Amino acid sequence: MTTARSLAAAAAVLLALLLQVSLFPHVAWQGVVPNLALLVVVAGALTRGPQFAMVVGFAAGALIDLAPPADHVAGRWALALTVVGYVAGRVRSESSPTATTVVGTVAASSFVGTSLFAITGLLVGDLSVGVGELLLVIGVAVLWDVVLTPFVLPPLMGLFRRLEPARVT
Amino acid sequence: MALLERTGRDGRAAASPRRLGSLTARRERRERRWHLGPDLERQQRPSRSLLVALGLASATLMTLDLTANGAALDPVRGVVADVVGPAQAGASAIVRPVVGIPDLLRTHSSLRAEVAALEEENTALRAELGSAAFQRNRLAAYDALTAAAEDLGYSLVPSRVVGWGPAQSFSSTVTIDAGTDAGVRPDMTVVSGAGLVGRVVSAGRTTATVLLITDPSSTVGARVGDTMDMGFLRGRGVVGDEGRLDLELVDRTAVPARQDSVVTWGSDGGAPYVAGVPIGRVTHVYSSLRETAQRVVVDPYVDFGSLDVVGVVVPTGTVSDRALVGPDGELREAGR
């Protein structure tokens with residue numbers, strides 16, 4: 001079962017990367033595209049908890065860092081999405097996900113993820129944009145992710161839940 | 001109870017019942033103290049150490065990439081590019097006809113607005129805009145590329161843009177569907193029919209990553225075409241379609257005129273930029289008393305919001321997997 005879940009997660013991450021690199025730039029606003037990989041991580045976190053989400057987040061981040069259009073220092077998205085997996089996973093253990101919880105978690109995760117990516121860029125001297133532009137990009141990214149949540153999260157959460165029989169406690 | 005059974009099956013623990021007893025007692029004490037079910041506890045306790053482990057792994061990746069200019073990660077990037085690159089090209093081929101329709105409408109209306117604003121300018125500029133409108137058409141784009149090769153005197157590897165880096169990554173990069181198989185190497189100049197696009201930063205087998213000149217980390221040696229004044233052109237990383245560039249002139253007293261064209265100054269051996277490629281035209285000149293140098297704003301000829309067909313400048317006679325556009329403007333068949 002774990003193998004099937006890992007394969008599903010890997011396929012979801014790869015599809016997310018392809019869509020956000022090749023499809024969404026055509027409809028992007030100011031070059032900002034929805035962060036689908038982050039949505040996959042949040043879906044994993046809300047259904048399977050922080051451990052699974054952190055591993056998915058690290059793998060997805062490393063893939064974004066190393067796949068072609070990327071030119072930034074590798075490991076920055078990996079770190080950002082690992083933390084996103086942890087934070088979103090903590091939400092799950094405290095309450096069962098209602099629609100509001102899901103949207104709130106996505107918004108918070110998107111904010112944390114993009115901000116953390118920017119902060120690591122500042123730390124390693126890889127970022128050279130102004131604060132205004134930074135905040136604009138983070139804001140638009142949160143908006144995009146929230147808008148796509150109703151279309152992306154339910155099927156993904158359903159997928160992860162179906163691949164996981166109810167845990168025997 | 002489940003713990004007792006599990007530990008009981010463990011040979012080592014079963015061998016010393018006293019130790020097993022103390023283990024169970026300790027476990028029970030802890031559970032009472034934290035009021036947590038065994039499930040929640042198992043779920044949460046190791047997750048913090050996993051967070052630390054993965055965080056350290058990310059830091060290791062960053063360190064590897066920062067030392068020796070990322071030489072350690074280059075093979076890994078190559079392997080990932082070989083897997084993800086063709087997938088991007090495939091996805092882009094599927095997506096292109098679908099997004100083509102609204103894209104056509106959008107660029108058409110924006111071009112119309114642009115033409116209206118520039119109507120008072122001279123006929124040469126208008127002709128240039130007219131030819132830019134035809135770039136939607138693939139054949140016309142290849143024609144423009146052919147003309148560019150004729151002007152510059154280099155061979156071009158024609159390719160298409162298949163992937164765009166998101167603005168969330170705060171860098172302006174694209175993927176093109178030509179790699180080392182097509183003769184593309186890092187530090188080669190990338191142009192389109194309109195002018196300079198950027199340079200190749202890394203190349204996989206079938207895809208390559210191009211750093212656009214609008215990226216904040218990009219610096220191009222440039223000169224003003226009319227006065228031959230030299231300077232450095234830096235990207236401003238402006239989010240979105242409107243990519244403006246800043247030109248800092250070496251000669252502090254020189255004042256370029258409005259609408260002066262800016263071309264590349266060129267490096268030894270044509271890497272990373274070959275000489276004489278048109279970049280854009282001067283739109284504003286700012287000078288401040290505080291700063292000794294002037295800031296010249298350059299509007300690029302290339303519309304970075306709708307990049308499609310581009311050409312990579314290669315030395316004539318490069319072995320490639322596709323037809324090259326030669327210096328005389330003729331298509332050369334693939335010479336394997």
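Visitor: What makes you say that chain B is in contact with chain A?

Guide: This is a predicted model, and contact here means heavy atoms within 4.5 Å. By that cut-off, 53 residues of chain B are in contact with 59 residues of chain A.

Visitor: How do you know how much area chain B and chain A bury between them?

Guide: You take the accessible area lost on putting the two together, summed over both. That comes to about 4,800 Å², with 67% of it on carbon and sulfur atoms.

Visitor: Which elements of chain B supply the side that touches chain A?

Guide: H4, H5, strand E1 (155–164), strand E2 (173–176) and E5 each give at least two residues. H4(B) gives the most, with 18 residues. By class, that side of chain B has 28 nonpolar, 19 polar and 6 charged residues.

Visitor: How many salt bridges are there between chain B and chain A?

Guide: The count is 0. A salt bridge needs a side-chain nitrogen of Lys or Arg within 4 Å of a carboxyl oxygen of Asp or Glu, so no pair between the chains is counted as meeting that. Polar contacts do turn up, in 9 residue pairs with both residues at pLDDT 80 or more.

Note on methods
Residues numbered from 1 in each chain as written. Chains lettered and ligands numbered in written order. Predicted model: local features only at pLDDT ≥ 70, side-chain atom pairs only at ≥ 80, totals over all residues. Heavy atoms only, no water. Buried area = accessible area lost by both parts, 1.4 Å probe. Polar contact = N/O pair within 3.5 Å; in protein donor to acceptor, adjacent residues only side chain to side chain. Helix = DSSP H or I, 4+ residues; strand = E, 2+ residues; numbered from the N terminus. Nonpolar A, V, L, I, M, F, W, Y, C, P; charged D, E, K, R; others polar.
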